[in-house]
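Have a look first, then read on.

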Amino acid sequence: MFFSKSDKLLFYSTLPLIVGVLGILLILSYMILSQSWPSFQRFGFAVLTTSAWSPSDDPQREFYGLAAPIASSLYVSILSVLVSLPISICLTLTLIEILPKYLGAPLRYVTEVMGGLPTVIYGLWGSTTLAPFLRDQVMKPLHDYLGFIPLFSCRPLTGHSMLAASITLAVATTPYVTALLIEGYYLIPSKYKEGAYSLGATDYEAYKIMMGILKPYVIAASLLGFSRALSETTIVALTVGNSMKLSLCLFDPAYTIPSLIANQFESARLYEYALPTLFAGALTLLLISLAASYAGIRLVYGWRERIHV
Amino acid sequence: MYRSMTSRKVRNYIMVIVMVAVSFLYVTPLISIIYTAVERGGAVLVETGLKFLTDLPPTPLSTSVGGIAPALIGSLLASALAILITTPIAFLMAFYVTEFPRHSLSRVCEVVVRAFSGVPSIVVSMFIYSTVVMSMGTQSLLAGSLALAIVTLPYTYVYFTSAFRSIPESLREAAMSLGMNRVRALIHVYVGVLRRSLLTGLLMSYVRAFGDTAPLLFTMGFLMNAVFAGVLQQSNAVPLMIFVYALSPYENFHRVAWGATLVLLIIYLALFTVSRVLVRGVKL
């Protein structure tokens, strides 16, 4: 395997680094698990299936359940993927296929700028500009005319709501999903496009065929985007309204797990079971997020191997 | 199903126009963000001038806006420290993986780094809190930097691997044919060829660390009464300050948050543009 002494040197200097990084990951998982243990011991799995946040000075009377934040986390993240995915597909095709280079390059630059923009800026913009705008232009009309649908049944108050959070999240994660799709699009062998055009397909029909080939990659990109949206703290904490409520209505405020942690961590230190419960939330978050990224990455690698046969 | 040529063409035009329209519509949030930041943050900056960068933050009841000096210093130092920790690790790992892509250690490395990027940054913050902060007894700039380092490591790694992958095969062969081994080729050939892309990766990692909030939430502290208290003491960060002040009920704090947002936006756009200009110079 080794060609020379210096290669061996390289191997032995990289080995501890990789082992160290792996070690940090294991210690991290262990710490989160051990810190959350008291909460699981006290409440059992009820901590994940009930919904309550009632701290008390008397540990016997404390009661917590994370069902609402977990459900809202999933709800908000899925919604944000549903918004960002169509935009990302449009952007991918527009940037690669439709626009000439002198128009595509600036647009690509702008999406890259948006991809790296500090999330706190998105959060502040979402809470002060987007949320009031959505409340007046979207939520109120929807509630007035379509209020009988459960999704729109609640009266929008400040605009800080699950809808505002998921749209801000979608704006922030679209560049990431787009970058993934662009990467995948370039991997498609050109024979498919040539085939489509030689059969007389219009541009749009050819794009549809290309996207059909890319489908596993699109699913993977959605999973990775979902994982990113799920773990996003800053944007959500500033826009979701922060209230312990289990609701299907888009205009209701809610807590997601990260925003619950961000808001309650300081005071949770005062109570015996509050902090372990937050760690239980973190553990759930970690597991879902890792599972989604893992599934996404597996899909990407599997697709890459199949497409290059 | 048969469709006439005209209807297919009409459909084609409509869909292409819709896709271009959606793409350009997507840019409007950025315009709105810049507009709002300049409008609301600009007012604060014009009022205070350069003192906004050098003064201490206000108390809730004070009438003046004060400044963001502790946050600015904290951010600059903590991101630099984080990059200092991640760069050598990411550099060696990226080089190893591109040189021996099929080696089992490389596979492990890929998996571990991917897993790292799947760890939510708030979980990293809680982890550093329950280890470093708990054992030191106080939140500190060092703890904040460590959290930032864990969060930025996957990014730095990805930037470096894509830099190493861009080495043309001909250059690699030329270096080998001169009798160089991998380490010598790295030092004498690759680093020279890749200096701009490596620098870009470094800069982008720095920008990423500079703008990140969640890893700092429970680790950095919230220093307000001094500009800098030491590496092992509480500090502050620009994004953290924006986040905390934006959630507070005081009007005065909101104004500080907007001023800080404009400062952060300017720093981000400047560093991003510099890194793009650097990349443009790379021709392999």
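## Ground rules

This is a predicted model, with local features needing pLDDT of at least 70 and side-chain atom pairs counting only at pLDDT 80 or more, while totals for chains, interfaces and linings use all residues. Residues are numbered from 1 along each chain as its sequence is written, and chains are lettered from A and ligands numbered from 1 in the order in which they are written.

## Chain A as a whole

Chain A has 12 helices and two strands; these are DSSP runs numbered from the N terminus, helices being H or I of at least four residues and strands E of at least two. Reading from the N terminus, the order is α-α-β-β-α-α-α-α-α-α-α-α-α-α. Along the principal axes, its C-alpha atoms fill a box of roughly 75 × 70 × 30 Å.

Of its 309 residues, 47% are buried (20 or more other C-beta atoms within 10 Å of the residue's own; exposed is 12 or fewer, partly exposed is in between, and C-beta atoms are placed from the backbone). Take the contacts in chain A with a separation of 6 or more: 74% of them join residues 24 or more positions apart. A contact here is a pair of C-beta atoms, placed from the backbone, within 7 Å.

## Where A meets B

On the chain A side, 60 residues are in contact with 61 residues of chain B. The largest share of that side, 17 residues, comes from α1(A). By type, the chain A side splits into 40 nonpolar, 18 polar and two charged residues (nonpolar: Ala, Val, Leu, Ile, Met, Phe, Trp, Tyr, Cys and Pro; charged: Asp, Glu, Lys and Arg; polar: the others, Gly among them).

## Helix α6 of chain B

Just after the helix, Gly137(B) takes a positive phi of about 85°.

Tyr129(B) is among the buried residues of α6(B), which also include Ser121(B), Phe127(B) and Val133(B). Their cover includes α1, α9, α11 and α12 of chain A, together with α7 of chain B.

## One residue on α11(B)

Ala270(B) sits in helix α11 of chain B, residues 251–280. Is Ala270(B) buried or exposed? It counts as exposed, because it has 11 C-beta neighbours inside 10 Å. Its C-alpha atom is 9.9 Å from that of Val207(B), 63 residues away along the chain.

Conventions
Two residues are in contact if their C-beta atoms, placed from the backbone, lie within 7 Å.
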